[in-house]
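This report is written for a reader who is meeting the structure for the first time. Please keep the sequence and the model in view while reading.

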Amino acid sequence: EIMPSLVGSEMCIRDRFSSFNDSSQEEHQDFLQFSKVFLPCMYLVVFVCGLVGNSLVLVISIFYHKLQSLTDVFLVNLPLADLVFVCTQPFWAYAGIHEWVFGQVMCKSLLGIYTINFYTSMLILTCITVDRFIVVVKATKAYNQQAKRMTWGKVTSLLIWVISLLVSLPQIIYGNVFNLDKLICGYHDEAISTVVLATQMTLGFFLPLLTMIVCYSVIIKTLLHAGGFQKHRSLKIIFLVMAVFLLTQMPFNLMKFIRSTHWEYYAMTSFHYTIMVTEAIAYLRACLNPVLYAFVSLKFRKNFWKLVKDIGCLPYLGVSHQWKSSEDNSKTFSASHNVEATSMFQL
């Protein structure tokens with residue numbers, strides 16, 4: 001299910017445990033108690049970290065980057081999607097501790113917002129990967145068609161939001177409030193669950209993963225033919241991006257795939273512990289995206305210090321020293337051989 005694990009787990013396994021022996025009932029109760037503590041805590045961690053990080057990226061992208069490149073267009077949409085995603089977390093945290101008290105309209109709305117921004121953020125990550133592929137492998141062509149690429153980028157961003165809305169309609173239409181010992185927001189339909197799972201795994205995991213494997217393989221091959229320090233820096237960041245994506249997204253999607261093909265796992269408490277923990281890890285992407293796609297950027301760090309100075313958090317001289325250092329580094333990188341092709345993360 002695309003809804004938080006606590007909701008899906010309670011709706012799918014509560015009835016299965018009703019006829020089990022006392023030992024199974026005790027295990028089930030322990031699981032529910034653990035979920036009432038673990039998931040809300042994780043939701044709040046994702047909310048706080050994601051709110052701070054994505055807000056910073058969004059402010060800097062809008063007021064300092066000024067949408068000068070296609071990457072800037074995506075770096076506005078990515079934190080926006082992640083920001084709305086993390087803003088739904090407090091509602092699920094409260095519902096996990098207590099019950100759903102926000103009504104049916106709010107249930108449908110939050111399920112829709114939750115899934116729209118999930119799909120949007122994952123599709124934007126895919127577009128960022130393709131953009132980096134074009135900038136590195138087709139550097140000259142990308143430079144000569146900057147205006148056209150900016151237009152296509154804005155159109156692509158709009159299409160991503162529209163597609164995300166369309167694939168989220170099942171959650172909006174079939175989302176409802178159920179009374180299972182307490183009020184729960186979700187959907188309880190096996191056919192809908194199958195469609196949602198297939199769509200989520202395709203758009204939310206396999207498509208980004210396949211794109212990363214293909215594009216980054218060609219990017220790495222291109223960078224290996226280039227020399228200098230920047231090549232090694234870019235390769236390290238590529239491996240970091242791939243590693244974070246695989247470590248956060250693969251365990252949860254693997255567990256969902258296993259559960260969809262082996263229905264007996266629905267009655268295993270230990271398996272639901274695994275689903276819950278891996279989902280919490282998967283949600284960390286909303287906190288890590290600002291680090292991977294913005295803070296590694298030399299230009300972003302430079303504008304971050306400008307923002308810090310503008311809000312008066314650091315003395316002027318200290319910030320000026322940081323700017324000077326960043327500008328010197330930027331000039332050094334710009335003078336290196338084939339920098340346009342290799343410096344894909346110097347956004």
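## Overall organisation

Among contacts in the protein between residues at least 6 apart in sequence, 77% join residues at least 24 apart; contact here means heavy atoms within 4.5 Å. The protein has 15 helices and two strands. These elements are DSSP runs, with helices being H or I over at least four residues and strands being E over at least two, numbered from the N terminus. Of its 347 residues, 49% count as buried. Buried means under 20% relative accessible area, exposed means over 50%, and partly exposed lies in between, with a 1.4 Å probe and protein chains only.

The model is predicted: local features need pLDDT of at least 70, side-chain atom pairs count only at pLDDT 80 or more, and totals for chains, interfaces and linings use all residues. Residues are numbered from 1 along each chain as its sequence is written, and side-chain values use heavy atoms, with hydrogens and water left out.

A pair of aromatic rings is described by the distance of the centres and the angle of the planes. Rings of Phe, Tyr and Trp (its six-membered ring) pair if their centres lie within 6.5 Å; planes under 30 degrees apart count as stacked, over 60 as edge-to-face and the rest as tilted. By this rule there are 15 aromatic pairs. One of them joins Phe85 and Tyr114 in a tilted arrangement, with 5.4 Å centre to centre and 35° between the planes. Phe85 lies in helix α3 and Tyr114 in helix α5, so this pair ties together parts that are 29 residues apart in sequence. Phe85 is buried, with a relative accessible area of 0%, and Tyr114 counts as buried at 1%.

Phe85 also forms an aromatic pair with Tyr283, and this one is edge-to-face, with 5.6 Å centre to centre and 85° between the planes. The pair links distant parts of the chain, since Phe85 is in helix α3 and Tyr283 is in helix α11 (residues 269-283), 198 residues apart. Both Phe85 and Tyr283 are buried. Ring pairs link Tyr43, Phe85, Phe91, Trp92, Tyr94, Trp100, Phe102, Tyr114 and Tyr283 into a cluster.

## Residues of helix α5

Leu110 is placed in helix α5 and is buried, with a relative accessible area of 4%. Not counting residues up to four places away in sequence, Leu110 touches Thr88, Phe91, Trp92 and Trp100. The C-alpha atoms of Leu110 and Gln89 are separated by 9.7 Å, and the two residues are 21 residues apart along the chain.

Ser109 also has its place in helix α5, but is partly exposed, with a relative accessible area of 33%. Ser109 and Ile172 are 63 residues apart in sequence and 6.6 Å apart in space, C-alpha to C-alpha. Thr120 is in helix α5 as well and counts as buried at 0% relative accessibility. Leaving aside neighbours within four places in sequence, Thr120 is in contact with Ala81, Ile160, Trp161 and Ser164.

## Phe252 in helix α10

Phe252 belongs to helix α10 (residues 229-261) and counts as buried at 6% relative accessibility. Leaving aside neighbours within four places in sequence, the contacts of Phe252 are Gln200, Ile275, Thr278, Glu279 and Ala282. Phe252 and Phe205 are 47 residues apart along the chain, and their C-alpha atoms are separated by 9.9 Å.

## The second largest pocket

The second largest pocket is lined by 16 residues, of which Leu70, Val130, Asp131, Ile134 and Arg149 lie nearest its centre. The elements giving two or more residues to this lining are α3 (70-87), α5 (103-137), α6 (139-144) and α7 (146-167). On a 1 Å grid over the protein atoms alone, a cavity is a set of points where a 1.4 Å probe fits but cannot get out, and a pocket is an open set with protein on both sides within 12 Å along at least five of seven lines; lining residues have an atom within 4 Å of a point.

About 280 Å³ of space lies in the second largest pocket. Grid points are joined across faces, edges and corners, and a volume is the space filled by probe spheres set on the points. By class, the lining has seven nonpolar, four polar and five charged residues. Ala, Val, Leu, Ile, Met, Phe, Trp, Tyr, Cys and Pro count as nonpolar, Asp, Glu, Lys and Arg as charged, and the others, Gly among them, as polar.
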